[in-house]
Amino acid sequence: MDIVIRNGSIVDGSGRPAYIGDIGISAGRIHQVGHVSAQGATEIDATGKTVSPGFIDPHTHFDAQLLWDGAAKPAIEHGVTTIVPGNCSLSLAPLKAADRMKLVGMFNQIEEMPLVAFEQGVTWNWETFDEFVSRIQQDLTINVAPLVGHSVLRLWVMGQAATERTATATETAEMQSLLRQCLDAGAIGLSTSFVDMDEKLQPVPSRYADHAELDALCAVLAEYNRILQVVHEFYDIDLTIGRIDQLAELSLTHKITTTLSPLFINRGDFEGVDRVIARIVEQNAAGARVWPQVQTRPIDISFSFAVPSLLFIRLRGWYRVMRFGTPATIMAAFQDEAQRQQLVQEATSMMPLWSTLILRQVQTEANQQYVGKTLAEIAELRGTDALNAMIDLSLEESLDAHFISADMGHNDDDKVGSMLRHPHVMIGASDGGAHILSFSTYGDTGYLLGHFVRDKQLLSMEEAIKKITSDTADIWAIPDRGLLKSGYIADITIFDANTIDRGPEYYVQDVPGDGHRYVRDAIGVETVIIGGAVAYDHLLGYSDEHRGQVIGAPQR
Amino acid sequence: MIKVRKSIHPSATDTWESIAARALAATPLDEGVASLQSWNLHVFSRAPAVPGSPRAGNPILPSDLIFVEPPLLAQ
Ligand SMILES: [Zn+2]
């Protein structure tokens, strides 16, 4: 036996009650569960610890990061062993050389992946999906079940016209055969978007497709029994219900699984959320498969003025300054009396928001005294208002002042908890690897198991683990993973149920080209096994094992 | 069954006028257009297409859902 895990509390992913037992692993697979008498080359004592299948994160944007980091750090540290990149109509393949900069612009706009990271972290040596799969398979530590993006299929087939019009019958047929090639090469499904914007703040290519085009692509998904993921108009209940009906129709016509994300649960609109779920249940009763994804973490947004922030997307004057400016021009805008006045005027109506922002990180010694205080408190101390305090601090810190807007919604524990438990809800939508300059997308599973399971007791451990392992594997048609069962691939997470959690968010410089991102460390995750080898240990760090697979790709 | 607000998928060449003529045939055209616009702020309030785009002047995208009745609360 290569590895034997002893005396753990086994939560096997099926939802059945935990029990004490051993797990024997050989040749990458689970060989025995229960009592294991054979010795392991490696013995892991899991006494007092929980042993579960590795977590599956179905909504990520680790596409770019996988090119320089085959472990998708810090996903594995949090217990995640399989990720689905390529969501929301965007994947890095298939991609013609001529379209690279266009796609980089979209990734930059939508996922906040800095341009310089692509310049310095990426050698562009692929065009087809198959070439991309071979590329990331080198040194892969985490398992990857990649979606192919609808916007990218359009770009390949239609070029510039992808952002101008619907496809002709010939172009639709070409997209169909391109999609077949991607599915043959290992794509787990197709993603599309009804809401995203490109780098010029214009709709992404998938939004120029009519329903007939999407229908034609779903016919190809049906040939392969693969899934359709969409990002819908999540800010509006009626539009969300309209999209559920559209997905239900596609699901019934083609007998495919569909999923939409994100579904946020905001105070003041529980009734709307209940209508959405009621519609899902009705459509499911009619035979359709439509899975809404609900994230575990509450919404918060961190920002500095050095980079454009989602928080300002509705303030056109501010967003323009941040989106199209450089640090020097942004500083100049704040220093110019007339321009500053204009910006202040535009944002004054949102004073209640500015007042609640918390200063979380600064560079100068002089301003350390304000860290942790709200802008209202700081304004009071400085004899100004919150908005002007935010601008002044940003100027004093050469824009390196970081603020957080906490409590922006999706934070009613009872209601979110009841949704996370709901049999028609998929836990997902972490957006791992995206929005790296607005918030940390890592640690949602720790938050689920620490906050909702242990502290609030809104789900049992068995229910929660099932939701993020075997349920996800079933819905996404990922074979041989998600259960601790003889014959299954040995993707296993060992953690301390008494301490598991997500750590505090912090700003770190670890993106190629001296780029930054917000991350969170894991708490309580001890050992993570991928493909039958220890990939991460909380004391030893990452191992040299690279057993990650592109799920669905032909074995090379 | 829950009540679902009626919507359509536009065709590639649809405009406010063509949808109003079809979906609100009994209503005078400008009134129909004005109603559609007020029921579909997600489309009507959209930033205009870049100059030179074939879609300039028409904010409706082929992937949009267009409501052809007011919000249910208003009914
Ligand atoms: Zn996404």
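Tutor: Domain bounds here come from an automatic or database domain assignment. For chain A the assignment gives domain 1 (55-298 + 410-541) and domain 2 (301-407), and their centres, taken over C-alpha atoms, are separated by 32 Å. This is a predicted model, in which local features need pLDDT of at least 70, side-chain atom pairs count only at pLDDT 80 or more, and totals for chains, interfaces and linings use all residues. Residues are numbered from 1 along each chain as its sequence is written, chains are lettered from A and ligands numbered from 1 in the order in which they are written, and side-chain values use heavy atoms, with hydrogens and water left out.

Student: What makes the pair Arg360(A) and Glu505(A) a salt bridge?

Tutor: A salt bridge requires a side-chain nitrogen of Lys or Arg within 4 Å of a carboxyl oxygen of Asp or Glu. The closest N and O atoms of Arg360(A) and Glu505(A) are 3.0 Å apart, so the pair meets the rule. Across the interface of domain 1 and domain 2 of chain A, the rule finds one salt bridge. On the domain 1 side, α1 (100-111) and β19 (501-511) of chain A each supply at least two residues that touch domain 2; helices (H or I, at least four residues) and strands (E, at least two) are DSSP runs, numbered from the N terminus.

Student: How much area do domain 1 and domain 2 of chain A bury between them?

Tutor: Buried area is the accessible area (1.4 Å probe) that two parts lose on being put together, summed over both. For these two domains of chain A it is about 1,200 Å², with 46% on carbon and sulfur atoms. In domain 1, Ser438(A), Tyr507(A) and Tyr518(A) lose the most area to domain 2, together 34% of what that side buries.

Student: What are the corresponding values for chain B and chain A?

Tutor: Chain B and chain A bury about 2,100 Å² between them, 61% of it on carbon and sulfur atoms. Contact means heavy atoms within 4.5 Å, and by that criterion 23 residues of chain B meet 24 residues of chain A. One salt bridge is found across this interface: Arg5(B) and Asp238(A) are joined at 3.3 Å, N to O.

Student: Why is Arg421(A) called partly exposed?

Tutor: Buried means under 20% relative accessible area, exposed over 50%, and partly exposed in between (1.4 Å probe, protein chains only). Arg421(A) has a value of 44%, and is therefore partly exposed. This residue lies in helix α15 (residues 413-421) of chain A.

Student: Which side chain does that of Arg421(A) meet in a polar contact?

Tutor: It is the side chain of Glu463(A), at 3.0 Å. A polar contact is a pair of N or O atoms within 3.5 Å; within protein, one must be able to donate a hydrogen and the other to accept it, and residues adjacent in sequence count only if both atoms are side-chain atoms.

Student: Is Ala27(A) buried or exposed?

Tutor: Ala27(A) has a relative accessibility of 71%, over the 50% limit, so it counts as exposed. Its phi is near 50 degrees, a positive value in a residue other than glycine. Most residues other than glycine have a negative phi, and most peptide bonds are trans. The bond from Lys73(A) to Pro74(A) is cis, with omega near 0 degrees.
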